[in-house]
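I opened the notebook to jot down what I looked up in this one. Entries are in the order I went through them.

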Amino acid sequence: MATELHRQVNPPEQRVNPPERDARPGEEGGSDDAAVRVRSLTRSFDGRAVIDDLHLDVRTGEFVALLGRSGCGKSTLLRVLAGLDREIEGEVLAPRRKAVAFQAPRLMPWKKVWRNVLLGLPGRPGRAVAERALKEVGLGHRVDAWPKTLSGGEAQRASLARALVREPDLLLLDEPFGALDALTRITAQQLVAELWQRRGCAVLLVTHDVEEALLLADRVLVMDGGVIAHQVRVDRDRPRDIADPLLAELRTELLGRLGVRAPEPAVNEVV
Amino acid sequence: MSPVLEPVVPLSARRRTVPRWLRRTTGPLLLLVLWQVCSATGVLPSDILASPGTIARTASDLLEDGTLPHAMLVSVQRVLIGLVLGGVIGVSLALVSGLSRLGEDLVDASVQMLRSIPWVGMIPLFIIWMGIGEAPKIALIALGVTFHLYLNVYAGIRGVDAQLIEAGTALGLGRWGLIRHVVLPGALPGAMTGLRYSLATAWLALVFGETINADDGIGFLLNRAREFFQTDVIVVCLIVYAALGLLADAIVRTLERLLLQWRPNFTGK
């Protein structure tokens, strides 16, 4: 049966080893094997702080999902970690080798798929490198295609191959399945789970899909008011089943945190 | 009572008696026949407009004695030199103002200002500056080409999807890498449009330049024919202008097909 596997990090009443100060959700303390370390990050747009004194740790090899209502600043946080947004205050540490996959695949339409995969790689890697990466995401047959002839799912997989070929220590995924149809999304999620298990890189997945977060992540963060407002651990073996009662319970909790009340019958059906 | 049923006839079952291309050529052919009939019956005197038959004969005569090929060579040469000159200037200016904010501030305002001057109106100044040789004609062509290419290449550069530039940055491309792999290929469709417009302008500029003063080229033939009321020669020259314009357009289309094959919506195939 479901056991109580998630916990809020160090809620004051159950603190066992008191840290030097109150740790916040998102903050993990130990920095020996950190892939991401963010302290007191603030990012303002025209005086309005979208990210306001945010703290976050991601361990190497950890899969973290970041949930939040639209406009809560989760994509901004990802862009900061990617180094695309530098108008920030605070301390941000991220691996040098990182890769981003955006919601839109953002392939250069004038470059064939394999050239897109190699774009920006240091040195002069050969076509075989791209072929290997594309084969890994199941696109071995579209190596020579023009990006605009790919289907939505294929384009997203090409974008994933382009990210993975960089052998990143941190993979940043910005709602990569958002634009895919429901069936393609399931296969794409499975692919990401497989690739992550094989590569062992840290992943930060920004999404608004609670189920997706629960299926994939070790830890699910909820961003609200410019900070990591809440987090749950998902200590379940993979592959996971969304019908798992624990996941259903976490789902209700997370939806509540996101300001959505899960309809009761949906939870009952699961049992 | 059951309703009366009638068959839905497939469209393919309607047999076309005459193919479309034939029907489309019938109109122009009829016009040509009408023209010939009017000329033959004297309704259309030859000093107003020569008959199609006469024009065809004149064309073959001019081709045979080498007058027309020579004139065409001279005119095409002028267009090519003007095109290259204007192309280099226009594209360079567009790159300067498209790729840097400083360049934009320095170049764009000036070009936009000069653009509002009708280039045909520059002819008198060009004659004063450069005399009546090849220089003013080529300058006129280059001028027309420069503005079209500048505007379209500049708009193309500035129209490149910011998301792609961001993706390029995330992939680790530097400034030069972004220009080479993202900005310039992204501006290519605009540049091709600019090339097409500038070719049309180039031919127009050629006609203007050659009609005013020339001792060689198609414009010269045209002017001399005017003095002798040779309407047949005039029409031949006009047809040559049109044909060369069409040829130039075909070349650009081929170029587009080669360079823009990544665009799935490309319809030039």
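This is a predicted model: local features need pLDDT of at least 70, side-chain atom pairs count only at pLDDT 80 or more; totals for chains, interfaces and linings use all residues.

Which residues does B:Ser198 touch, not counting residues up to four places away in sequence? I got B:Leu83, B:Val145, B:His148 and B:Leu149.

**Entry: around B:Ser198**

I placed B:Ser198 in helix 8 of chain B. Its relative accessible area is 0%, so I logged B:Ser198 as buried. Helix 3 of chain B covers residues 67-99 and helix 8 of chain B covers residues 175-212. Their axes are 9 Å apart and the packing angle is about 145°. I wrote the crossing of these two helices down as right-handed. On the helix 3 side of chain B, the contact is made by B:Ser75, B:Val76, B:Arg78, B:Val79, B:Leu83, B:Leu95 and B:Leu99. From helix 8 of chain B, the residues taking part include B:Arg175, B:Ile179, B:Val183, B:Leu184 and B:Ser198. Also among them are B:Leu199, B:Ala202, B:Trp203, B:Leu206 and B:Glu210. B:Leu83 turns up in this helix contact, and B:Leu83 is also one of the residues that B:Ser198 touches. A reminder I keep for reading such lists: an α-helix has 3.6 residues a turn, so residues three or four places apart point the same way.

**Entry: a surface patch on chain B**

I then looked for nonpolar side chains on the surface. B:Leu125, B:Ile128, B:Trp129 and B:Met130 form a nonpolar patch there, and together they have about 430 Å² of accessible area. I looked up one member: B:Leu125 belongs to helix 5 of chain B, residues 123-130. B:Leu125 has a relative accessible area of 36%, so it goes down as partly exposed.

**Entry: salt bridges**

How many salt bridges are there over all chains? The count comes to 26.

The side chains of A:Arg39 and A:Asp57 meet at 2.8 Å, N to O. A:Arg39 is in strand 1 of chain A (residues 34-45) and A:Asp57 is in strand 2 of chain A (residues 48-59), so this pair ties together parts 18 residues apart in sequence. Are the two partners buried or exposed? I found A:Arg39 buried, and A:Asp57 too.

For A:Arg199 and A:Glu136, I noted closest N and O atoms 2.7 Å apart. A:Arg199 lies in helix 5 of chain A (residues 182-199) and A:Glu136 in helix 3 of chain A (residues 127-136), which puts the partners 63 residues apart. A:Arg199 is partly exposed, at 30% relative accessible area. I also saw that this pair belongs to a network of salt bridges that links A:Glu136, A:Glu194, A:Arg198 and A:Arg199.

I have A:Arg251 as partly exposed at 23% relative accessibility, and A:Glu211 as partly exposed with a relative accessible area of 30%.

**Entry: helix 1 of chain A**

Helix 1 of chain A (residues 74-82) is mostly covered, with seven of its nine residues buried. The buried ones are A:Lys74, A:Thr76, A:Leu77, A:Leu78, A:Val80, A:Leu81 and A:Ala82. Just after this helix, A:Gly83 takes a positive phi of about 85°.

Which residues does a cis peptide bond join? I found A:Arg238 and A:Pro239, with omega about 0°. A:Pro239 sits in the loop between strand 9 (227-233) and helix 7 of chain A.

A:Ser40 has phi near 50°. A:Ser40 lies in strand 1 of chain A, and I logged A:Ser40 as partly exposed at a relative accessible area of 33%. For A:Glu167, phi is near 45°. A:Glu167 is in the loop between helix 4 (152-164) and strand 6 (170-174) of chain A. At 48% relative accessibility, A:Glu167 is partly exposed; the cut-off for exposed is over 50%.

Terms used:
Residues are numbered from 1 along each chain as its sequence is written. Chains are lettered from A and ligands numbered from 1 in the order in which they are written. Side-chain values use heavy atoms; hydrogens and water are left out. Patches are made of residues with over 30% relative accessible area and no salt bridge: like charges are joined within 9 Å, nonpolar side chains (Val, Leu, Ile, Met, Phe, Trp, Tyr) within 5 Å. Accessible areas come from the Shrake-Rupley method with a 1.4 Å probe; for residues, only the protein chains shown count as cover. A salt bridge is a side-chain nitrogen of Lys or Arg within 4 Å of a carboxyl oxygen of Asp or Glu. Helices (H or I, at least four residues) and strands (E, at least two) are DSSP runs, numbered from the N terminus. Buried means under 20% relative accessible area, exposed over 50%, partly exposed in between (1.4 Å probe, protein chains only). Axes are lines fitted to C-alpha atoms, for helices over the stretch in contact, and angles run from 0 to 180 degrees between N-to-C directions. A crossing is left-handed if the near helix is turned anticlockwise from the far one by less than a right angle, and right-handed if clockwise. Contact means heavy atoms within 4.5 Å.
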